[in-house]
Amino acid sequence: MAAIVAPRLVLAAVPRAAEEPPQPPHGVTRFPVEAVINNPTPSFRRTSATAWTNADSLTRADAASNESETETNQMKNKTGSEPTDRATASSQPRNKCSQATRHRPAIGRVFTRAAMSMLLMASLSGPSAFAGPSQSSQEIIELKKKVAAQEALIQELLEWKKQVEASMPSAARKAEAGLEKRAVPPEAPPEERAVVSEARPHFPDLEFHGFGDVTYHASDRQGDKNAFALGQLDFFITSRLSENVSLLAENVVEAGSDNEFKIEIERLLLQVSLSDYLNVAAGRYHTAIGYYNTAYHHGQWFQTAVRRPSLFAFEDDDGILPIHNVGVSIGGSIPSGNLGLHYVMEVGNGRDYNPGSAPVLNISDNDDYKAVNLAILAQPDWPSGLQTGLSGYHDRLTLNGKPRVDQSIFAGHAVYKTPKFEWLNEAALLRHDPSGRDGAHYTSGFYTQIAQQFGLFEPYLRYQYLHVSDNDPVLSPLRITGVQHGPSIGLRYDFTDYAALKLQFDHTFNGNHDSVNEFTLQPAFTF
Amino acid sequence: MRRVIIQSALAILLLVGFVFAQEPGRASAGGSAPSTATSGEVLAIIVNKDNPVDNLSFDDLRKLCLLRRTHWDNGRKVTVVLLESPHAERELVLRKIYGMEENEFDRYFLQGSFTGELQARPKTLATSAGVKRFVFNVPGAISFSRASELDDTVKVVRLDGREPGDPLYALKLPANR
């Protein structure tokens, strides 16, 4: 933008016109000193500081110089001083013709000679005699040209700016205009800037939480001993990798029935949130069958009761469902207004039901068929806290030495949950259909749980039912058969915000008309 | 048998009634009903100036605050920022919009991240000036500010079509706060 300079600034760059030399006395023609000094003519004579004499004119008037000097000396002898007009006296041309005028009156001769010398010098010196005024004019002309050129350039730039603005999208123009007018908050103190900067997302944004519990239980089950037991130590990690990408990891350390500790990656998910309608996750996750399996994982502190419903027991706790899966899960909301519909679609390895095998297929599958699951959930705006859902799961199970079994699992739930109250209701139906054989086997189960918080205390009641089909080709080899049902009653006491003590009594009826009473005390905590 | 059925039906009816009695309702959890504290200062909803939203229903506001809705219509990620406790603004938002107490608020977002349903939680800042500065700088931010502290650096959003100065505006601080 340096080119767009006010003309006056341009003019300021132009060197000033040469200083006007002092005006010569009347009758004397001026020309630069340099021309005189550098003139090689030996007859040059400079008679005063301000008197300039043309060398050529002096040559021509050389003959008359003696007469002039004679007159000057005569005047000097008479007055005793030099003539005042020394320039006049010295500049008179020494012209032979002036001899003809010797006899004229003196004043007339002076004027005549002066006029003739002026005319002669003007004609012989040419433009150099008027170099001062001519040069200034030329400079002014040049300056005017420069100003005109600068003005033309400015006009051209303004036209270009208009064209650029016209080609910009309207939104960009508005934004630009808005930015120009946007108010900017005043400078914040350093500590506030630091806090605001800290609040802005920084990636990766790692958060670590832990969950744990200790249990004491006693029961009248045959062969069972009352004992203290370390529960699962759950290391839960989340990390935002970017605005839309996050990581979730749940690692559990627990002791088995042999009292040996083992560590297991219960969940490991890379989640990409593309929009409210599409979220993609890959890794190991809890299968979206029903409500309890996705709402509660391995942190006992979150659960109201001491343990999970039998229907949703973990695989290594004689559970019947594929609680964990390794694969891809896609979910999001469905535009449905106040209904608040959501969907979940999953594809994974499924579960290995072979006795002695690891139930969760973490790195390999025992067949090419992938388990698929689809769930539709509704979380209406009113009443807030209500959630209902249906899910359908299908897998083709490969059992060692046995025909393949088509496994289908249908589940439904209706849950009402607020910060101080919960009423959970779920039911599931498993269908195992061996290929090439008649008859499918059905396993059903349900539970209902209600809890109300009174200050720090939260009493709760659960009733659950599970009926595993006899001779089920999948579950019978795992020794999971028969009927179990019964109530559980308990009390949760949140003695701090992040630690709770649970007391629960279970009365469980078995299919063979036996019943078991069990008492459990469990402090559970998060950190 | 008849007695069992009648008693079961009565129990279910009592339970259902008990359940709906627990529903905080739009009045106590916010909503568009007039606030009882009519002489208090108004709490305005503020967003970044580049955010195209001009009006939010109470249900939409609640979904945004609960992070059940994670993106604005322009695709920007929703970032909720609140004043830290024990500011009156935060207490009003927790009571009216979230319908939760402080520990319930923490538990909700902890459980949300635990289930994987929520990938972020509301930010917390100490001063209202810091909140406005955050909203100014973050395109998808939404927060709350006293109407008396509003300036041109943020944009005010209507709630259920009502401006903060409307007598029926829902978010009003108690008179003594």
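How many residue pairs are in polar contact between chain A and chain B? In this predicted model, in which local features need pLDDT of at least 70, side-chain atom pairs count only at pLDDT 80 or more, and totals for chains, interfaces and linings use all residues, side-chain values use heavy atoms, with hydrogens and water left out. Residues are numbered from 1 along each chain as its sequence is written, and chains are lettered from A and ligands numbered from 1 in the order in which they are written.

Nine residue pairs, both members at pLDDT 80 or more, are in polar contact between chain A and chain B (a pair of N or O atoms within 3.5 Å, one able to donate a hydrogen and the other to accept it, residues adjacent in sequence counting only if both atoms are side-chain atoms). Strand β5 (residues 261–275) of chain A supplies five residues, the largest share of the side of chain A that touches chain B (strands being DSSP runs of E, at least two residues, and helices runs of H or I, at least four, numbered from the N terminus). Three salt bridges are counted between the two chains (a side-chain nitrogen of Lys or Arg within 4 Å of a carboxyl oxygen of Asp or Glu), and K420(A) and E104(B) meet in a salt bridge at 2.7 Å, N to O.

In chain B, six strands form an open sheet of mixed pairing in the order β2-β6-β1-β5-β3-β4, where two strands pair if DSSP finds at least two bridges between them. Strands β2 (55–56) and β4 (123–125) of chain B stand at the edges, each with a single partner strand, so one side of each lacks a neighbour in the sheet. Strands β3 (residues 79–83) and β5 (residues 141–146) of chain B run parallel and are joined by two bridges, with V80(B) opposite I142(B).
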